[in-house]
Amino acid sequence: MDTKFPILESFSKQFKPMLFRRKETISDSDDLNHIFYLNQGYIRLYTVSRDGNELTLHIFSPSSIFPILWNKDLQSSEYYFESLTPVEVYSCEKGKLEQLIAEKTSANLEIIRQLTSFSESTIKKLELKIFGDAYEQVVATILDLAEYFGKAGAGGSTIISYWFTHHDIASLTGLSRERVTIEINNLINKKLISYDGHFIAIPKLELLKAELE
């Protein structure tokens with residue numbers, strides 16, 4: 001399968017791979033001086049409020065590099081990277097990647113594409129947070145999870161193939177767990193979602209998407 005970022009992939013795979021299980025913090029011996037290339041799996045960037053509440057800021061998919069922002073203030077102990085699934089990453093020194101960017105315009109373009117995607121995702125999340133209500137935020141988050149983790153189920157349904165608790169969805173939306181539970185129950189009552197064991201099942205994606213129109 002063709003990679004979205006062949007230059008970055010080829011460069012990163014010169015280095016030793018690192019494996020992490022689900023819900024592990026992604027770290028290296030010297031995080032501030034290293035960049036990671038995500039080869040397999042999904043990773044979330046999150047922060048923690050003064051009250052101890054988590055907020056997921058972004059989900060990185062395969063072929064991503066992170067941190068995508070290199071400002072030292074944005075790499076402080078207030079920001080964390082955690083595996084949502086088992087992952088394989090490659091770690092390299094930031095200086096070596098900067099050298100690659102200086103030497104190859106194509107590598108620079110690949111990073112610009114990732115920055116653009118990151119910015120669009122952040123703007124979309126901010127817009128929904130400001131203008132959307134709690135119900136819409138939960139719907140949008142479930143649709144995002146379906147895009148990342150959705151697999152075909154029986155009768156044309158979509159199954160989100162990883163277990164996301166109400167607490168996890170609260171972290172993704174910035175809502176309280178109690179509020180998420182209310183909105184999840186609303187969706188269940190409207191038959192827009194159900195549960196297949198621990199997994200969220202969406203009978204008809206089109207009907208759930210219509211809730212945001």
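Helices (H or I, at least four residues) and strands (E, at least two) are DSSP runs here, numbered from the N terminus. This is a predicted model: local features need pLDDT of at least 70, side-chain atom pairs count only at pLDDT 80 or more, and totals for chains, interfaces and linings use all residues. Residues are numbered from 1 along each chain as its sequence is written, and side-chain values use heavy atoms, with hydrogens and water left out.

**View A. Ser 63 sits in the loop between β4 (54-60) and β5.** Its phi is positive, about 85°, even though Ser 63 is not a glycine. Ser 63 is buried, at a relative accessible area of 9% (buried means under 20%, exposed over 50%, partly exposed in between; 1.4 Å probe, protein chains only).

**View B. Lys 23 lies in the loop between β1 and β2.** Here too is a non-glycine with a positive phi, about 65°. Lys 23 is partly exposed, with a relative accessible area of 43%. For background, most residues other than glycine have a negative phi, and most peptide bonds are trans.

**View C. Phe 66 and Pro 67 are joined by a cis peptide bond.** Omega is about -5°, and Pro 67 is in the loop between β5 and β6 (79-83). Leaving aside neighbours within four places in sequence, Phe 66 is in contact (heavy atoms within 4.5 Å) with residues including Ile 26, Phe 60, Phe 81 and Val 89.

**View D. Phe 131 lies in helix α3 (residues 105-131).** With 69% relative accessibility, Phe 131 counts as exposed.
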